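Subject: Structure handover

Dear colleague,

Here is the structure we spoke about. My notes on it follow below.

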Amino acid sequence: MSTSRKTVVADHLREALARGDYKPGERLPGEEELAEQLDVSRATARLGMRILQDEGRVAIQPGRGAFVADHRPIVHLATPVTGGGDSERFEAGYQPHLREAGYDQVQEKIKVSLDTMRPKVAKRLRSDGAEGRTRGDLVVIRSSDRFVDGGLWQSQVTYFPYGIASNTPLMSPERLEEGVAAVLRSLGYREEWNWDIVGARMPSQDEADSFGLGPGIPLLVQERVVYEGMRPLRFTETVMPANRHQLLYSGGGAPEELLVLASDVSIFER
């Protein structure tokens, strides 16, 4: 059974879902019907369906068949709105978004470590107008893994220059209730501006296993560097499965009701 044949089945089903041929909860054609229609074996048709099951698009019920899942990626609020924090903050941002979507078991595990700067981190934390930080400088690393129903859903790592974070609450493995920005303000640093870059890449095998991802599902990666003037205060990298998340950015004084307004919006709509 070649990969190309089961991919044909998966692509056929994706196109049908994109056209709206089948609604959420509706039963899809069975393996035998798909096999005959696409001139493949039943085993290949089954593998094609499992690709969509791994993507969260299809729910397979033993003895009953495959049904269209109500596929609604979680909104990751990438920018703060009036009266609420963005998804960098767990209790004020990410966790309530998930609970409103019907997920009850949402947990966060925090780990803090001290390490030398890798070239990628040094490049993002360098200062303009100076030689900048170099590989080997110390950096404080706050890692946050977010779990839903026991499975890893999102991983976020923030890197702070050692000179900013050493001997501060940023080195504590406890949750920062007021958020990173508030802690930095208490230390005399103000987050004035930032840049984000968002891209998609395929996961490593370890990442696929950790997130429980099936074949062909990419990861969304959001990088953010925050500055005071031209001095970088932190670099945050958030990694999330693309089939479970969609990023929401706002501008122009968006209201705090933004998440409510966007709660039923999905990039999979046609």
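This is a predicted model, in which local features need pLDDT of at least 70 and side-chain atom pairs count only at pLDDT 80 or more, while totals for chains, interfaces and linings use all residues. Residues are numbered from 1 along each chain as its sequence is written, and side-chain values use heavy atoms, with hydrogens and water left out.

Aromatic rings

The structure holds two aromatic pairs. Rings of Phe, Tyr and Trp (its six-membered ring) pair if their centres lie within 6.5 Å; planes under 30 degrees apart count as stacked, over 60 as edge-to-face and the rest as tilted. Y159 and F235 are stacked, with 5.5 Å from centre to centre and 15 degrees between the planes. Y159 belongs to strand 6 (residues 151-161) and F235 to strand 9 (residues 231-241), so this pair ties together parts 76 residues apart in sequence. Helices (H or I, at least four residues) and strands (E, at least two) are DSSP runs, numbered from the N terminus. Both Y159 and F235 are buried; buried means under 20% relative accessible area, exposed over 50%, and partly exposed in between (1.4 Å probe, protein chains only).

W193 and Y227 are also stacked, at 4.2 Å centre to centre and 5 degrees between the planes. Because W193 lies in strand 7 (residues 193-201) and Y227 in strand 8 (residues 219-228), the pair ties together parts that are 34 residues apart in sequence. W193 is partly exposed, with a relative accessible area of 34%, whereas Y227 is buried at 8%.

Two charges sit over rings, by the rule that NZ of Lys or CZ of Arg is within 6 Å of the ring centre and within 35 degrees of the ring normal. K109 lies over the face of F147, 5.0 Å from the ring centre. The charged end of R244 is over the ring of W153, at 5.3 Å from its centre.

Nonpolar cores

A nonpolar core is a set of buried Ala, Val, Leu, Ile, Met, Phe, Trp, Tyr and Cys residues joined through side-chain atoms within 4.5 Å. The largest has 16 residues, and V9, L13, L28, L34, V40 and L52 have the most contacts inside it. At least two residues of this core come from each of helix 1 (3-19), helix 2 (31-38), helix 3 (42-54) and strand 2 (65-68). Not counting residues up to four places away in sequence, V40 touches R5, V9, L34, A35 and A45 (contact means heavy atoms within 4.5 Å). A second, separate core has 11 residues, among them M117, V121, I141 and V157.

Strands 3 and 10

From strand 3 (residues 74-77), I74 and H76 point one way and V75 and L77 the other, and all are buried. Strand 3 runs parallel to strand 10 (residues 245-248), and four bridges join them; two strands pair if DSSP finds at least two bridges between them. V75 stands opposite Q246 in strand 10.

Positive phi

Most residues other than glycine have a negative phi. D39, in the loop between helix 2 and helix 3, has a positive phi of about 60 degrees. D39 is exposed, with a relative accessible area of 66%. D149 has a phi near 50 degrees and is found in the loop between strand 5 (138-148) and strand 6. D149 is exposed as well, at 53% relative accessibility.

Regards
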